[in-house]
Amino acid sequence: MLERVGLGKAVARRYPREFSGGQCQRIGIARAMMLNPQLIVCDEPVSSLDVSIQGQIVNLLLDLQRDFGIALLFISHNLAVVRHLSRRVLVIYLGRLVEIAPRDALFAAPVHPYTRGLLAAASGVALGEAEPPPSERPSGCVFRARCPHRQDLCAVAQPALQAVGPEHFVACRRARDLMS
Ligand code: SF4
């Protein structure tokens, strides 16, 4: 498996301190793969790596996914990586799912105000106030305190996910208004 993740058998005799960050990630992936998994949960697997190394690790994960038929649940704040790697994207705000969509639909036409803000922020437009800690989650819609489209009704309860397109779901009372 060390060979399969691009390290080679000889590294098995090295000490942990002798490995770079990217090599450590490869070892972590090899360890997970040794269990012959159906699913690997990757929690920010490239966030601490140089940009040049990030691409190598993402491509390694894609190769393993294809060759071994495993599913990847990839958790990241890096939208460029999410866009490159994902088929389906789930957007979470303060612990609540606010939008689920196929990758291309989400990046072409996001609906939830938080998703729109995230994508705009990735293009250099500020998202506004900072995200509060989960302990300060507001009543009603979880995004209410920061939402430019909020109405009184938004204070009643967290909206349920509703279908707005093929495999596309949004938790916003005004989803239909925002799409028109
Ligand atoms: S439910 Fe209301 S506050 Fe929440 S995202 Fe939609 S418009 Fe904004």
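**View 1. The largest cavity holds about 90 Å³ of space.** The model shown in these views is predicted. Lining this cavity are 14 residues. Cys141, Cys147, Cys154, Cys172 and Arg173 are the ones closest to its centre. By class, the lining divides into eight nonpolar, two polar and four charged residues. The structure has one cavity of 30 Å³ or more.

**View 2. The largest pocket has a volume of about 1000 Å³.** Its lining counts 30 residues. Nearest the pocket centre lie Phe74, Ile75, Ser76, Val89 and Leu90. Elements H2, S2, H3, S3, H4 and H5 each give two or more residues to this lining. Helix H4 spans residues 103–108. Strand S3 gives the most, with six residues. What classes of residue make up the lining of the largest pocket? There are 22 nonpolar, five polar and three charged residues.

**View 3. The largest nonpolar core brings together 21 residues.** Look for Ile29 and Leu61: these two touch the most other members. Several elements give two or more residues to the core. They are helix H1 (21–33), strand S1 (39–43), helix H2 (51–68), strand S2 (71–75) and helix H3 (79–85). Which element gives the most to this core? Helix H2 does, with five residues. In soluble globular proteins, nonpolar side chains tend to be buried together.

**View 4. Tyr93 and Tyr114 form a tilted aromatic pair.** The structure holds three aromatic pairs. In the Tyr93–Tyr114 pair, the ring centres are 4.6 Å apart and the planes meet at 55°, so the pair counts as tilted. Is Tyr93 buried or exposed? Its relative accessibility is 1%, so Tyr93 counts as buried. Tyr114 has 6% relative accessibility, so Tyr114 is buried too. The cut-off for buried is under 20%.

**View 5. Tyr93, Tyr114 and Phe143 make one aromatic cluster.**

**View 6. Arg17 lies over the face of Tyr15.** How far is Arg17 from the ring centre of Tyr15? The distance is 4.8 Å.

How values were computed: Residues are numbered from 1 along each chain as its sequence is written. This is a predicted model: local features need pLDDT of at least 70, side-chain atom pairs count only at pLDDT 80 or more; totals for chains, interfaces and linings use all residues. Side-chain values use heavy atoms; hydrogens and water are left out. Rings of Phe, Tyr and Trp (its six-membered ring) pair if their centres lie within 6.5 Å; planes under 30 degrees apart count as stacked, over 60 as edge-to-face and the rest as tilted. Buried means under 20% relative accessible area, exposed over 50%, partly exposed in between (1.4 Å probe, protein chains only). A charge sits over a ring if NZ of Lys or CZ of Arg is within 6 Å of the ring centre and within 35 degrees of the ring normal. On a 1 Å grid over the protein atoms alone, a cavity is a set of points where a 1.4 Å probe fits but cannot get out, and a pocket is an open set with protein on both sides within 12 Å along at least five of seven lines; lining residues have an atom within 4 Å of a point. Grid points are joined across faces, edges and corners, and a volume is the space filled by probe spheres set on the points. Ala, Val, Leu, Ile, Met, Phe, Trp, Tyr, Cys and Pro count as nonpolar, Asp, Glu, Lys and Arg as charged, and the others, Gly among them, as polar. A nonpolar core is a set of buried Ala, Val, Leu, Ile, Met, Phe, Trp, Tyr and Cys residues joined through side-chain atoms within 4.5 Å. Helices (H or I, at least four residues) and strands (E, at least two) are DSSP runs, numbered from the N terminus.
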